[in-house]
Amino acid sequence: SVAVVASLNVDHIVRAPRIPEPGETLLGFSTSRELGGKGGNQAVAAARLGASVAVLGCVGQDEDGDEYRQALLAEGVDVTHVRRSASPTGRAAITVDAEGVNSIVVVAGANADIPADAAETAISDLPELRVVVGQLEAAVAATERAFATARARGVLTVLNTAPADDVAVKLLPLSDVVVSNEIEFRQLTGQDPFDADGVRRGSAELFAAGCHWVIVTLGAEGCAVLDASSSTQVPAVAVRAVDTTAAGDSFVGALAARLAEIPGEPTTADVVDACGFAAKVAAVVVTRHGAHPSLPTLAEVIDA
Ligand code: ADP
């Protein structure tokens with residue numbers, strides 16, 4: 001099974017001709033409200049693809065929190081470890097431009113309140129756990145403890161270094177697989193993600209910090225998968241993108257779902273294969289609007 005130490009946010013989305021400049025007011029096309037958050041998206045992505053998924057998270061004692069819990073339950077996700085705190089449920093303000101490119105502000109709220117000891121208990125107790133996923137939107141201390149507990153159990157840890165934040169450095173020694181997009185990779189390593197030598201040099205730093213595989217996602221350019229001695233390009237699937245929201249999240253969820261099917265420690269070939277699957281899933285996601293509504297089932301990925 002897969003456990004996700006997850007941010008659970010309600011997204012408030014506006015569609016506009018372009019992203020506004022600082023100080024500018026712009027007339028947009030439409031607004032919507034959807035469930036999102038990187039962790040929640042990753043968990044739902046993995047569940048729709050058939051993985052058995054548990055969420056470690058925290059929502060507020062508010063209607064958004066009730067709604068998110070119910071939505072996870074409806075996806076078949078184990079919500080035993082979703083807690084409630086006095087802070088409001090996390091929220092994101094998202095602007096999507098006419099090309100489908102988004103810009104996002106997230107306020108963590110209850111996501112910052114996941115207790116580290118509860119994360120440890122959950123990771124110790126979950127049966128047949130194979131993969132633990134974390135990102136940087138949920139409480140970092142809880143993610144750290146979850147990863148340390150997973151490591152002690154021989155469970156694979158997958159860190160998505162999103163959103164870009166130096167706190168990722170703290171988690172690298174506990175992460176088996178590190179997934180960074182171009183912006184995050186540049187911030188984390190100071191290297192150019194579109195230059196093969198830059199990717200190798202930057203990844204070498206991450207390997208030195210303790211991880212075993214680095215995956216650099218490059219949007220429509222696909223991704224690079226590296227271990228300490230090799231680098232493999234996995235192309236994206238050519239599609240007409242309308243909204244890239246949740247592209248990276250679906251990629252991480254799909255990667256985790258696939259890696260959870262591998263008994264024991266994966267090989268680099270397994271990780272490359274899982275990235276090929278994740279690219280197929282993300283290609284479906286970018287042809288649809290929104291976060292949860294865009295996440296495909298396994299059947300939809302096979303038919304695409
Ligand atoms: P993020 O959403 O975190 O910025 P990326 O944009 O790098 O992440 O996208 C993650 C993955 O999603 C890519 O590696 C690719 O497989 C897929 N993807 C993203 N954008 C496109 C696109 N325009 N066309 C096809 N696949 C895409």
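Mentor: Let's go from the overall picture to the helices, the ligand and the backbone. This is a predicted model, in which local features need pLDDT of at least 70, side-chain atom pairs count only at pLDDT 80 or more, and totals for chains, interfaces and linings use all residues. Residues are numbered from 1 along each chain as its sequence is written.

Trainee: How many helices and strands does the protein have?

Mentor: There are 10 helices and 13 strands. Helices (H or I, at least four residues) and strands (E, at least two) are DSSP runs, numbered from the N terminus.

Trainee: And how do I read helix packing, say for α1 and α8?

Mentor: Two packed helices are described by the angle between their axes and the distance between the axes. Axes are lines fitted to C-alpha atoms, for helices over the stretch in contact, and angles run from 0 to 180 degrees between N-to-C directions. Here α1 (residues 38-48) packs on α8 at about 45°, with the axes 7 Å apart. That makes α1 oblique to α8; under 35 degrees would be roughly parallel, over 145 roughly antiparallel, 65 to 115 roughly perpendicular, and the rest is oblique.

Trainee: What is the angle between α8 and α9?

Mentor: About 145°, and their axes are 8 Å apart. The residues making this contact (C-beta atoms, placed from the backbone, within 7 Å) include F251 and L255 of α8 and F277 and V281 of α9. By class, the contact has 12 nonpolar, one polar and one charged residues. Ala, Val, Leu, Ile, Met, Phe, Trp, Tyr, Cys and Pro count as nonpolar, Asp, Glu, Lys and Arg as charged, and the others, Gly among them, as polar.

Trainee: Which helices each supply at least two residues of the shell around the ligand?

Mentor: α8 (247-259) and α9 (268-285) do. In total, 20 residues surround the ligand (C-beta atom, placed from the backbone, within 6 Å), and the closest are T217, G219, A241, G248 and A282. The shell has 14 nonpolar residues, six polar and no charged.

Trainee: What should I look for in the backbone?

Mentor: Most residues other than glycine have a negative phi, and most peptide bonds are trans. In this model, A162 and P163 are joined by a cis peptide bond, with omega about -5°. P163 sits in the loop between β9 (156-160) and α5 (168-171). E128 has a positive phi, near 50°, and lies in the loop between α3 (116-125) and β8 (131-134).

Methods:
Contact = placed C-beta atoms within 7 Å.
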